[in-house]
Amino acid sequence: MRQALAEAALAPGHGDVPIGALVVRADGVVVARAHNERELTGDPTAHAEVLALRRAAAAADSWRLDGHTLVVTLEPCTMCAGAAVLARIDAVVLGAWDPKAGAVASVFDVVRDPRLNHRVEVIGGIEADACGDLLRGFFEGQRRGG
């Protein structure tokens with residue numbers, strides 16, 4: 001999670017919300033990393049999780065990422081949770097919970113919905129305070145005009 005936090009800290013440099021994500025193989029090797037790039041690219045799908053999953057799929061030369069874990073500083077939204085399911089990710093490890101838009105437990109539970117063909121293990125609250133502090137600091141700065 002500390003690596004994901006370091007990745008997240010890069011996002012405010014181009015005006016993006018500080019969310020970072022890693023994709024880690026079962027042997028512990030980080031195969032992809034990303035941070036939010038929506039403002040940077042003008043792409044509404046450029047969430048850290050989606051970018052990391054795209055890069056991991058390219059590295060694996062396959063869209064099937066079974067045997068991989070997605071590590072992210074904030075609970076994924078519905079788009080990102082759906083992408084994790086579609087990529088066949090084994091687990092999502094998350095930092096801060098998102099009570100307004102979280103889709104792995106808080107608002108929705110996309111990754112464990114029994115109607116879908118794949119379910120993802122969820123491990124939450126890892127370094128939650130540090131992840132939440134990074135986000136709070138960013139939004140406080142935005143409100144102050146920074």
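## The largest pocket

Helix H5 (128-143) contributes the most to the lining of the largest pocket, with seven residues. Helices (H or I, at least four residues) and strands (E, at least two) are DSSP runs, numbered from the N terminus. The model is predicted: local features need pLDDT of at least 70, side-chain atom pairs count only at pLDDT 80 or more, and totals for chains, interfaces and linings use all residues. Residues are numbered from 1 along each chain as its sequence is written, and side-chain values use heavy atoms, with hydrogens and water left out.

The pocket has a volume of about 530 Å³. A pocket is an open set of points on a 1 Å grid over the protein atoms alone where a 1.4 Å probe fits, with protein on both sides within 12 Å along at least five of seven lines; lining residues have an atom within 4 Å of a point. Grid points are joined across faces, edges and corners, and the volume is the space filled by probe spheres set on the points. The lining comprises 23 residues, and Ile-19, Leu-74, Asp-98, Leu-135 and Phe-139 lie nearest the centre of the pocket. By class, twelve lining residues are nonpolar, three polar and eight charged. Here Ala, Val, Leu, Ile, Met, Phe, Trp, Tyr, Cys and Pro count as nonpolar, Asp, Glu, Lys and Arg as charged, and the others, Gly among them, as polar.

## The nonpolar core

Ile-19 is also among the residues with the most contacts inside the largest nonpolar core, which has 40 residues. Such a core is a set of buried Ala, Val, Leu, Ile, Met, Phe, Trp, Tyr and Cys residues joined through side-chain atoms within 4.5 Å. Elements that each supply at least two core residues include strand E1 (20-25), strand E3 (68-74) and helix H3 (48-60). The largest share, five residues, comes from H3.

Beyond residues up to four places away in sequence, Ile-19 touches Ala-8, Ala-34, Leu-74 and Leu-135, among others. Contact means heavy atoms within 4.5 Å.

## A buried histidine

His-47 lies in the loop between helix H2 (38-41) and H3. His-47 counts as buried because its relative accessibility is 15%; buried means under 20% relative accessible area, exposed over 50%, partly exposed in between (1.4 Å probe, protein chains only). Apart from neighbours within four places in sequence, His-47 is in contact with Asn-36, Arg-38, Cys-77, Met-79 and Cys-80.

## The chain as a whole

The protein chain has five helices and five strands, in the order α-β-β-α-α-β-α-β-β-α from the N terminus. Of its 146 residues, 47% count as buried.
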